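Good morning, colleagues. Please look at the sequence and the structure as we proceed.

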2 protein chains.
Amino acid sequence: MAKELKDLTKRSENYSQWYNDLVVKADLAEQSAVRGCMVIKPYGYAIWEKMQRQLDDMFKETGHVNAYFPLLIPKSYLSREAEHVEGFAKECAVVTHYRLKNAEDGSGVIVDPAAKLEEELIIRPTSETIIWSTYKNWIQSYRDLPILCNQWANVMRWEMRTRLFLRTAEFLWQEGHTAHATREEAEAEAQRMLNVYADFAENYMAMPVIKGVKSANERFAGALDTYTIEALMQDGKALQSGTSHFLGQNFAKAFDVQFVDKNNKLDYVWATSWGVSTRLMGALIMSHSDDNGLVLPPKLAPIQVVIVPIYKNMEQLAVIDEKVAGIVAKLKELGISVKYDNADNKRPGFKFADYELKGVPVRLVMGGRDLENNTMEVMRRDTLEKETVSCDNIELYVKKLLDDIQSNIYKKAFDYRAKHIVEVDSYDEFKEKIEEGGFILAHWDGTPETEARIKEETKATIRCIPFDGDMTPGVCMVTGKPSARRVLFARAY
Amino acid sequence: MAKELKDLTKRSENYSQWYNDLVVKADLAEQSAVRGCMVIKPYGYAIWEKMQRQLDDMFKETGHVNAYFPLLIPKSYLSREAEHVEGFAKECAVVTHYRLKNAEDGSGVIVDPAAKLEEELIIRPTSETIIWSTYKNWIQSYRDLPILCNQWANVMRWEMRTRLFLRTAEFLWQEGHTAHATREEAEAEAQRMLNVYADFAENYMAMPVIKGVKSANERFAGALDTYTIEALMQDGKALQSGTSHFLGQNFAKAFDVQFVDKNNKLDYVWATSWGVSTRLMGALIMSHSDDNGLVLPPKLAPIQVVIVPIYKNMEQLAVIDEKVAGIVAKLKELGISVKYDNADNKRPGFKFADYELKGVPVRLVMGGRDLENNTMEVMRRDTLEKETVSCDNIELYVKKLLDDIQSNIYKKAFDYRAKHIVEVDSYDEFKEKIEEGGFILAHWDGTPETEARIKEETKATIRCIPFDGDMTPGVCMVTGKPSARRVLFARAY
C-alpha cells in the first residue's frame, strides 16, 4: 500500500502525467461527472482555505471589503462592452429555462418548454458587467468614491480542454472591483493589487514571480492595461498566476456610471479589477513538488508537523502517547498545526509515504530508543534529510525548521528560475532555446503581427513586459525593427 | 440627512415594509437586475462573514472538513431520487447551451443553437445528488467511513415571490453531507448538527429557538426525518432557521453507494445533510431590531464600538484624537473591534443616526467637557441608555457592557417568545389565537389530512414536534382523535 501511494509517474518521464497523478493521489481534486468541472477534495480545499484566509487578510489590510453579486448575468449586460463580450461569448454557460416537469409519456423529467426565460442568463465568467450595473446606483458624487469591493465566488468558462486546477469549466476565485474618481488613483490601485499578489506568491507560496504588463494581444477583454505576475514551473513552462486590470472608463461608459467631481463637473468613473483563482493550486503544486509527492510551503500547509510513533506493543505506545502529548501542546502554543497519528490500523511505513505524498513539511518520529534517549527523529520534507534531536525545546527547533523550509523552498524555486532565464538576440537562437523551456528575454518590435508570428511558429507568447530589469533598447529579433526593451517570452500553461 | 437615515417605516405601522426599508437603508442588501437575486452589500456581507467564521469553527470542532462540489448537476442525477426531484423540479434554473455568437443580421449576441448540451444541467438547488454520485467513488469499506464534509456555496431555487435574505432565487449557504456505516451513527450526526445550529442561534445570534422534528408534510424532499430549529420573529411569525436531515439510505440507493461492513457484508451507506443560509440574516434582523434600525448582538457585529468626537475646532479635535488613540488601542487589545469616526465632513448627529441604524452595539462620545473631566458618554444600542463613564479602565467597562448587551438581547427575545407561546385546546380558540401571532401548542391527530386542513383554513403550519416540553397525550383539537402530544403551530416565513 505504501508502495502504491508513492507510485507516482516520475517528473522526468512525463511531467503532465506526474501532475495529474499527484493531484488525484494526494487527495487534492478529481474530475466530476460534469464535463470540465472538478471536485475539490477536503485536503485540497484545506490548502485553498489557507490561501483564501491569507489573501483576504491582505485585501482587508489594503482597505477592501467583501460583498456578493449575482451568479447570473443578463445576456444583454454582457454585450454592453464590445471587447468584453467578444472575449467571453465563446465559453458561456447559458440558462434558458427555470423549471422541469414530468414528461407526459412518463419517460422522466424534462425541461418545461413553458418556462422559458424572456432573456437568457449567463453564468458569470467574470463579474464586471453585473457589478458596474450595480455601482451605477451606488455612485453619484466623488464622496461615494473610491469603492473597494472584493468578492469570493465561483465562475464558469466553458473550456474545451480542461486540467485539474489549471483550467476547469468552473473555478473558484476572488475578483476585486474598484471604482475611482481619477485615472491616477485607478492605475495606482491596479498596481497596488499586483504587488499584493506578488507578495503573496513570493512570501506565502514561496514562488518567485516576474511582474509586468501584458502586450495588447494578451490583455483582459475590456481592459486598457493588464498587469500580471508570471511564475516558472519545473517543466520550464510559464504560469500566469494573478492579473490586475486597469479598465479605464470602459465599463463606466458601458453602464453609464457618472459622478460629480470636486469641481462640480460630471465625469465617468475609473475602474480596476483583479483576480486570482484555484489555478494557484496548480502553480503551488508545480513549483515545489517532487517524485515523492507534494512539497508544501509551511505557511500554506494544513498540517505543518506530523508525529508518528513506532512501538512494539500497546504498553510502549501508551508511554509514547504521554510523552508526545506534552510536545504537541508546546507546538500548538507556538501556533504550529500538528497532527499526532497513532492510528493502529496503518504501519509506520504507510504513514511515512502518505505524509510525504501530502507534503507535510516536518515529520517527527518517536520510537523505543528515542524514548530512552529523550530524542525524536526529525525529517524535513523539502530535502528529505533526517536528524535526531533532543526533545528538550524541540518545539523551538521545529519552529525554526519551518522557517528554514519556507526560505529554502523559495530559494530552490528562485535558483531554478535563475538558471532558466536567458537573453537571446536572434530568432534562430530563440527557436532553439524555446525547446529547452524557461523564460527568454528578447527584443520585439512592439507589433501584434510579430507577436502573433512568434506564437504561431514557436508556441511561445509574450508573458509580460517586465517592470524591472534591463531597459536598454535594441532591435527586434524577428524583424530587425527598433525595440524599446527586452520582453519576457515563454511557452505557458 | 440624519432624519432621512432614521426615516424608517415603524414596525407597528407595517412590519414588512419596516423590514425592507431597514435591509436597504442599513446597507445590508438590495435587489439586483436579475429577478429574485440580491446583491449583498459590504456591511451585510461583513455580518454574514462573522456568522460564517463562527459556524465554520463549530463545524471543524465537531470533526468536519470543507470541500467543494460542482455548481451544475446533470438533469438525470436530480431525477434519481423520486421525492427529491419532485420537491425541486419546479424551481430549477436550467443550462441548455454553452456558447453565444454574433447574430448574422448584426442585431447583437445570441445563443448559438449549435452549442446545445446533450444533457441539460441544473444549477444546484442543493447538492445531495452530485455529492452522492461522488461519494460512490470514495467509499468501499467501513474504513472509509464516516465522511464528514461541509461545503460553503451558492445555490439557486427559482422562487416566484422573493424577499431580501428571506427568500431569494440565489442564496448563500453551507451544506453538510455526511456518510455513515450505521443508522444510529447517522441519526446521532443529524441531531448533533441540529444542536450546533441551536447553540449558534442562541449564543451568537441571541435568538432563542425551539428544537424539534418536522411532520411528514414539511420534510426535506428525500429525507426520512427533518430536524429543525424554529424562532419567533417580532411580528409573531415563525422562521425556520436551520434544518438537519436524516436521509436514511435513500441517496445511497439512488447512486448505488454500498460498503463492506466489519462483518464483510455489503450494505448501503447511511446519510445526513444539514444547512443554514443567508436567511439567517433575515432572522437576525427581525429578532432584535427596532424603529431606529438594526440591533446587532455584539458577537456578530462587524463594528462593536464606535467612537465619535464632538469638537469646536481642529485644535480641540487633535487633542481628542490623541486621547482616543490610547483608548482604541486598549479596546483592540481586548479583541474588541472599534471604529473611531473623526471624519470632518459629517456632523455628529448624522453619525449617531447612522450607527444606530447600523446597529453598532456601543457608542462612545468624547466632547470638550469630557476632555476636562476625563470621561466619555457611553450609549448602548439595545436600550439607547446613556451614561457618563471615566476614561480610566473604560475598556473593561465596555467589555462587560458588550457581554451585558449580548445577554440582554437574548433575554428580550426570550421574554417576547415566552409571552407569545400559548396552549390551545379547541380549534375555535386556535383560529382566534393564530390571528394574534405567536406559537401555539396544540394537540393534533398525526395525520397529513388534518395538518393540511389546518393550513388551508388558518395559514398555520406545524413548525415542529418539539423534542422537549409537555409530553402528555390528549385529543386532536380538530378531529377529537387521539394525539400523542402537543405540537408547535405558527404562521411562518
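Predicted model: local features only at pLDDT ≥ 70, side-chain atom pairs only at ≥ 80, totals over all residues.

Which side chain meets that of A:K136 in a salt bridge? The partner is A:D256, with an N to O distance of 3.5 Å.

B:D256 and B:K136 form a salt bridge whose closest N and O atoms are 3.5 Å apart. Here B:D256 lies in the loop between α8 (250-254) and β14 (258-260), and B:K136 in helix α6 (residues 128-138), 120 residues away. B:D256 is partly exposed at 34% relative accessibility, as is B:K136 at 36%.

For a buried example, consider B:K75 and B:E120. Their closest N and O atoms are 3.7 Å apart, forming a salt bridge. B:K75 lies in helix α4 (residues 75-78) of chain B and B:E120 in strand β8 (residues 116-123), so this contact joins parts 45 residues apart in sequence. Both residues are buried.

Over all chains, the structure holds 56 salt bridges. Some share partners: A:D27, A:E30, A:K41, A:D354 and A:K358 are joined into one network.

I now turn to the aromatic rings. The whole structure contains 40 aromatic pairs over all chains. One of them is formed by A:Y77 and A:F255, a tilted pair with centres 5.6 Å apart and 55° between the planes. A:Y77 is in helix α4 (residues 75-78) of chain A, and A:F255 is in the loop between α8 (250-254) and β14 (258-260), 178 residues apart. A:Y77 is buried at 15% relative accessibility, and A:F255 is buried at 3%.

A second pair, A:W158 with B:Y98, is stacked, at 5.7 Å centre to centre and 20° between the planes. This pair crosses between chains A and B, and both of its residues are buried.

Finally, charges also sit over rings. A:R80 lies over the face of A:Y77, 5.3 Å from the ring centre. In chain B, the charged end of B:R363 is placed over the ring of B:F352, 3.8 Å from its centre.

How values were computed: Residues numbered from 1 in each chain as written. Chains lettered and ligands numbered in written order. Heavy atoms only, no water. Phe/Tyr/Trp six-rings, centres within 6.5 Å; stacked < 30°, edge-to-face > 60°. Helix = DSSP H or I, 4+ residues; strand = E, 2+ residues; numbered from the N terminus. Buried < 20%, exposed > 50% of the residue type's maximum accessible area, 1.4 Å probe, protein only. Lys NZ or Arg CZ within 6 Å of the ring centre and 35° of its normal. Salt bridge = Lys/Arg side-chain N within 4 Å of Asp/Glu carboxyl O.
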